[in-house]
Amino acid sequence: MAASVVKMSADRSVSTPMLHAEMTGVTRIYAAKGKTPGVHALGPVDLALRQGEFFSVVGPSGCGKSTLLDVLAGLSSPTEGKVVFEGAPVTGSVPPGIGVVFQENAAFPWLSVKDNIAFGLRREGTDPAEVERRVGYALGFMGLEDFAAAYPSQLSGGMRQRVCIARTLVMQPRLILLDEPFGALDAQTRLLMGDELLKLWRETGATVMLITHALDEAAMLSDRIAVMSARPGRIMEELETGWPKERDSRIASEDHFGQITSRLWKRLREESIKATARGGA
Amino acid sequence: MSRAGTIRLLFVVLCVGALEAACRGGLISPQFVIPPSVMAAHLWQLLIDGTITADIVETLSNVLMAVILAVSVGFVCGAVLHSLPRLRRAVDPFLATYYAVPFFAFYPLLIVIFGLNALPIVTIGFLFGVVAMIISTINGLDRIPPVLLKTASVLGMGPVRTALMIKLPSAAPHLFTGTKLAIAYSFIGVIAAEFIMSSSGLGYSIAYAFNSFDNRTMYALMLFIILLVTLINAVLYMWEQAIMQRRGS
């Protein structure tokens with residue numbers, strides 16, 4: 001099934017972009033284990049991430065969105081197909097330059113906020129002065145200065161997710177993959193976190209891929225949105241939002257935002273019904 | 001002190017006071033139980049004149065050796081079983097029924113194997129503590145959130161660094177519980193083993209005092225063991241609480 005490409009704003013031209021990461025013919029099939037039958041979770045999927053874009057993937061529950069992210073990150077190998085990041089194949093491990101933020105709380109409970117953020121840098125043997133500088137910046141950027149000495153258990157869900165984003169940020173990744181990072185947060189916090197994510201994206205110039213089931217989140221944050229089918233997840237449509245780079249959550253009140261979300265829902269409704277019938281939601 | 005702490009202290013004071021009154025008032029014969037104040041005074045005397053110093057040192061050395069063995073062997077076995085699911089499935093029923101085995105029945109065998117020295121006693125203490133540590137280690141490793149292991153992969157950490165920097169601290173609360181149980185069980189094993197297969201140590205001294213109708217020494221030693229184990233547990237409990245509070249577990 002070839003994915004159709006829809007431009008939601010024809011008047012904003014898109015310059016020829018450089019490819020940053022690419023998936024070609026990727027499938028992921030989980031083999032049968034004992035009495036558990038095998039599952040064809042993903043694909044075949046073809047996907048191309050452009051340098052510096054904000055790309056989102058939406059799809060019904062259980063459609064293989066997280067599997068797609070795992071395969072792209074190198075956390076799991078594709079059954080078939082090829083994954084390439086910055087021109088080099090991704091095989092069996094996460095290449096340097098990729099950062100991942102997960103939905104679940106991934107802050108280390110035994111470390112303070114500051115030590116959590118510095119963890120990756122210290123492990124790499126980064127010069128302590130540089131660690132201090134980058135961690136200080138990340139604490140300020142994510143609004144965590146007052147909580148540097150606190151432990152994750154003392155923070156709210158939103159603050160803990162900021163810690164995880166900050167821990168990714170200090171590693172200066174060129175490709176940031178986010179797996180439903182705001183899934184566990186309330187609606188208002190999600191909007192504000194979205195603003196911060198956009199700010200982070202603009203400041204770092206990194207390519208961002210966001211996995212989400214929230215259509216409004218994808219519509220507000222993204223340059224492009226891929227819509228996935230119910231399992232096995234395939235990309236049914238790619239949609240260009242046409243938003244300017246300088247944007248924030250206020251665009252949620254624009255008519256164009258409504259057009260994007262209704263277009264997404266139109267494509268997703270049937271797939272979501274299929275997923276629900278299978279017990280995916 | 002918290003309200004619960006006050007009630008707890010009051011309960012202990014009341015129980016001790018009631019026993020004191022019952023003994024002093026003749027409700028309980030001194031041939032059965034002596035007043036707690038006499039136990040404490042005699043214990044103080046035994047500690048001052050050094051009568052029981054050698055026994056204390058011997059028992060604590062035995063317990064320490066049993067605990068070190070139980071914790072280290074238990075941790076290694078737990079980690080191995082966790083990494084080999086088939087072996088674990090095979091061994092699981094033995095672990096579940098382990099504490100139904102009366103180890104003391106094997107003491108003649110242990111004496112034949114190790115001779116009349118501290119080793120059979122340490123072995124009994126070790127056998128009592130080791131499985132608590134194995135089970136706690138497996139529980140701790142089972143409960144490491146998969147997302148932390150994924151984070152380790154994203155940070156490019158190999159198996160050794162992941163084990164030392166992620167798995168170990170993540171499983172630490174369970175390992176702590178295992179160590180606490182191993183200490184308690186090893187104490188029980190060592191003291192009880194000293195009763196039946198030793199010629200020194202606190203367990204032996206209690207049995208000796210009992211056989212000699214020396215109630216004052218017997219109760220003084222029993223009081224000492226209760227105070228010692230309570231103190232060790234209280235310290236471990238407070239340490240655990242401090243760690244747990246920080247981690248929010």
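**Exercise 1. Work out why strand β4 of chain A counts as largely enclosed by the rest of the structure.**

Start with the count: five of the five residues of β4 (residues 54-58) of chain A are buried, so the strand is largely enclosed by the rest of the structure. Buried here means that 20 or more other C-beta atoms lie within 10 Å of the residue's own, with C-beta atoms placed from the backbone. Strands are DSSP runs of E, at least two residues, and helices are runs of H or I, at least four, both numbered from the N terminus.

Next, check the faces. A:Phe54, A:Ser56 and A:Val58 are buried on one side, and A:Phe55 and A:Val57 on the other, so both faces are covered.

A quick housekeeping note: this is a predicted model, where local features need pLDDT of at least 70, side-chain atom pairs count only at pLDDT 80 or more, and totals for chains, interfaces and linings use all residues. Residues are numbered from 1 along each chain as its sequence is written, while chains are lettered from A and ligands numbered from 1 in the order in which they are written.

**Exercise 2. Find which strands pair with β4 of chain A.**

Two strands pair if DSSP finds at least two bridges between them. Take β9 (residues 207-212) of chain A: five bridges join it to β4(A), and the two run parallel. In that pairing, A:Phe55 stands opposite A:Met209.

Now β10 (residues 224-228) of chain A: four bridges join it to β4(A), again running parallel. Here A:Ser56 stands opposite A:Ile225.

**Exercise 3. Describe the side of chain A that touches chain B.**

On the chain A side, β7 (98-101) and α2 each supply at least two residues.

Finish with the classes: eleven nonpolar, four polar and two charged. Nonpolar covers Ala, Val, Leu, Ile, Met, Phe, Trp, Tyr, Cys and Pro; charged covers Asp, Glu, Lys and Arg; the others, Gly among them, are polar.

How values were computed: A residue is buried if 20 or more other C-beta atoms lie within 10 Å of its own, exposed if 12 or fewer, and partly exposed in between; C-beta atoms are placed from the backbone. Two residues are in contact if their C-beta atoms, placed from the backbone, lie within 7 Å.
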